[in-house]
Structures are given as structure tokens and as C-alpha cells.
Amino acid sequence: MIFKSSFGEINYEIIGNGSPLLMIHGTPFSSKEWSEITDAVKHKHEIYTYDLLGYGLSEKVEDRLCNIRNKIRILWGENDNWILLEIGKRLHEILPDSTFRSIPESNHLMQIDKPNEIIKEIEEFFVA
């Protein structure tokens with residue numbers, strides 16, 4: 001089933017009977033990752049699963065991003081091994097009025113690795 005939210009279309013499923021149970025997948029997966037478990041407990045629980053935006057059968061983030069018409073600065077950890085730098089560069093190509101900055105010597109959690117650089121980027125963006 002599809003739920004139309006202001007953020008995009010979200011795929012979800014409700015199966016089983018009994019006490020409610022919400023199961024949310026992690027990234028970069030989908031709600032289908034829960035199928036073995038939902039099959040095993042659906043006779044005791046009404047199970048709600050959904051695909052986060054951009055995953056599974058929910059609306060892809062790129063589809064929604066193409067409609068953004070504001071200035072955007074994309075900050076990305078130079079050594080991000082979770083979501084690779086190339087993904088950030090591709091996002092920059094999709095967004096018409098964006099600038100891209102990779103944060104040196106930082107990983108996926110660049111706000112923890114290099115907080116001063118992030119603050120500097122934010123301040124520069126809003127001055128420009």
C-alpha cells in the first residue's frame with residue numbers, strides 16, 4: 001500500500017493479528033528485510049512495516065530533490081565509507097542551484113569529526 005505524505009509516497013504493509021508491532025528497517029535496506037521475522041510472529045501481532053523514503057518501494061529521494069529550487073550547500077565527509085563521496089557528487093549534479101564541499105579528514109559523521117569546519121561552511125553559506 002502507498003501513503004501519500006507531504007514528503008513523498010511511502011510504501012507500507014500491515015499484516016497479522018494481535019498486539020501492534022512496528023518494525024523499521026535500517027539503511028540501506030527495505031522493509032523486506034523483516035519478512036522472516038514477520039512471518040514467524042504475524043499470528044500474534046498486527047505488524048506495521050514501511051520503506052523509508054528513498055528505499056524499497058517508497059518514492060526515491062532523487063525524484064523529490066529535483067523539485068527543490070533554493071540554493072543548497074551539500075557537505076560530505078571526504079572519507080565517508082557509509083554513503084560514498086560519489087553519491088554526494090551525484091546529488092550535486094541533480095540539484096540545479098547547489099554547491100558541493102567535501103570535508104577533509106572526516107567520515108560519515110562529519111559533524112562529530114570536524115564540527116568547526118561544518119560551522120564555518122554554514123556561516124559562509126548564509127553570508128554568500
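A cut-off to start with: buried means under 20% relative accessible area, exposed means over 50%, and partly exposed covers what lies in between. Please also keep in mind that this is a predicted model.

1. With that cut-off in hand, take Leu21, a residue of strand β3. Its relative accessible area is 27%, so Leu21 counts as partly exposed.

2. Where does β3 sit in the sheet? The sheet is open, has four strands in the order β1-β2-β4-β3, and shows mixed pairing. β1 (2-5) and β3 (19-24) are at the edges with a single partner strand each, which means that one side of each has no neighbour in the sheet. On average, neighbouring strands of this sheet are turned by 25° against each other, direction ignored.

3. The pairing of β3 with β4 (residues 45-50) is parallel and runs over six bridges. Within β4, Ile47 is the bridge partner of Leu21. These two residues are 26 apart along the chain, yet their C-alpha atoms are separated by 4.8 Å.

4. What else does Leu21 touch, once neighbours within four places in sequence are left aside? Besides Ile47, Leu21 is in contact with Val41, His45, Glu46 and Tyr48.

5. Met1, Ile14, Leu22, Ile24 and Tyr48 make a nonpolar patch of about 450 Å². Among them, Met1 belongs to the segment before β1. Met1 has a relative accessible area of 53% and is therefore exposed. Tyr48, another member of the patch, is one of the contacts of Leu21.

How values were computed: Residues are numbered from 1 along each chain as its sequence is written. This is a predicted model: local features need pLDDT of at least 70, side-chain atom pairs count only at pLDDT 80 or more; totals for chains, interfaces and linings use all residues. Side-chain values use heavy atoms; hydrogens and water are left out. Two strands pair if DSSP finds at least two bridges between them. Helices (H or I, at least four residues) and strands (E, at least two) are DSSP runs, numbered from the N terminus. Axes are lines fitted to C-alpha atoms, for helices over the stretch in contact, and angles run from 0 to 180 degrees between N-to-C directions. Buried means under 20% relative accessible area, exposed over 50%, partly exposed in between (1.4 Å probe, protein chains only). Contact means heavy atoms within 4.5 Å. Patches are made of residues with over 30% relative accessible area and no salt bridge: like charges are joined within 9 Å, nonpolar side chains (Val, Leu, Ile, Met, Phe, Trp, Tyr) within 5 Å. Accessible areas come from the Shrake-Rupley method with a 1.4 Å probe; for residues, only the protein chains shown count as cover. A salt bridge is a side-chain nitrogen of Lys or Arg within 4 Å of a carboxyl oxygen of Asp or Glu.
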